[in-house]
Amino acid sequence: MADQSTPQKVKSPMNRSLSVSEEEGARLRQLLLPAPAAPVAAATLQDQVYCADFLQMAPCLPDGFADLVFLDPPYNLTKQFGEALFNQRSQHAYAAWIARWLPEVVRCLRPGGSLYFCADWRSSAVVQMALEQHLTIQNRITFEREKGRGSHKNWKNCQEDIWFATKGPRYTFHADAVKLRRRVIAPYTHNGKPRDWETSVEGRFRLTAASNLWTDITIPFWSMPENTEHPTQKPEKLLAKILLASSHEGDLVLDPFLGSGTTAVVARKLGRHFVGIEQQESYGLLALKRLELAALDNRIQGYADGCFWERNSQR
Ligand SMILES: C[S@@+](CC[C@H](N)C(=O)[O-])C[C@H]1O[C@@H](n2cnc3c(N)ncnc32)[C@H](O)[C@@H]1O
């Protein structure tokens, strides 16, 4: 008899989004660690993905084991993450939620370590005030977020912030590792020679210092090989900038809200260690699948030849 159920959606051949099959899930589930029941040494945590609630797991984490922390918690919006719904709340209540876990994150960061904290326009002020209580704020990065529909009643929302803070005034920052290869508009010459630009098959480019306004970020979408079904996945290129600027090879990066695993994946691609914590099993499995793929192919879209390329300018 013909199958009367709803026809399955056929995936377009252009759609490269990653998902975890039942078979892969059964294998990867064995690598996904549960929250530890007792304090854990830093060496045990290294390069592991935990399926746990960070608030419950935090007391088991040692002091100062992380060189760098990336924080991308749910923003103050109503959003479904796997089986959990995060509810929008008052700014006061969102600040109280952050205050429950931020001191533990700061305890895990070593003196001189850096922390990056993502926010949208609504939560950015709350994040700034929370960070001011614990760390030295160094900057606020704003990145252009091209994805999303326009609105008839308001300005289209196409930016997000990333607050950069450090534990103390002395910290690591590799400005030369995060230069941007930018198209030259005015190709000035000196004695007939290019001033500070060079010609390649794609045109004329110059290497410029990375600013706190990032216009070269592409939010993952279905035809990008890094894309997954996670609703708020950060691009690998964004994490690459942060890891290259604020860590050394061999350093350890902590991400307490790992999602689909972008921080861990980029850490692996760039020779850093990681600890990832994510409360939804399905996202933890995605992270583990991406980590296996990263071991086979360490390319990062938008980063090549030791620099970052303007959006859509890479060969
Ligand atoms: C904004 S997403 C992070 C996305 C991630 N940066 C990526 O690139 O995929 C926030 C994540 O935090 C997870 N989460 C929320 N509360 C958590 C908690 N208490 N402990 C651990 N993970 C949590 C959510 O399930 C969600 O996947």
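Strand 8, residues 159-166, is mostly covered, with 7 of its 8 residues buried. Buried here means under 20% relative accessible area, exposed means over 50%, and partly exposed is in between, with a 1.4 Å probe and protein chains only. Strands are DSSP runs of E of at least two residues, helices are runs of H or I of at least four, and both are numbered from the N terminus.

Before going on, the source. This is a predicted model, in which local features need pLDDT of at least 70 and side-chain atom pairs count only at pLDDT 80 or more, while totals for chains, interfaces and linings use all residues. Residues are numbered from 1 along each chain as its sequence is written, and side-chain values use heavy atoms, with hydrogens and water left out.

Back to strand 8. Strand 7, residues 136-144, runs antiparallel to strand 8 and is joined to it by 8 bridges; two strands count as paired if DSSP finds at least two bridges between them. In that pairing, Phe164 of strand 8 has Asn139 opposite. Strand 6, residues 109-119, also pairs with strand 8 in the antiparallel sense, over 6 bridges, and Phe117 stands opposite Trp163 of strand 8.

Strand 9, residues 180-183, and strand 13, residues 203-208, run antiparallel and share 4 bridges. Arg182 has Arg206 in strand 13 as its bridge partner.

Now the loop residue. Asp216 sits in the loop between strand 14 (213-214) and helix 6 (236-246). Is Asp216 buried or exposed? Asp216 has a relative accessible area of 3%, so it counts as buried. Among the residues Asp216 touches are Leu180, Phe308 and Trp309, leaving aside residues up to four places away in sequence; contact means heavy atoms within 4.5 Å. Its side chain also makes a polar contact of 2.8 Å with the side chain of Lys241. A polar contact is a pair of N or O atoms within 3.5 Å; within protein, one must be able to donate a hydrogen and the other to accept it, and residues adjacent in sequence count only if both atoms are side-chain atoms.

Last, the ligand. An oxygen atom of the ligand is 2.6 Å from an N or O atom in the side chain of Thr262.
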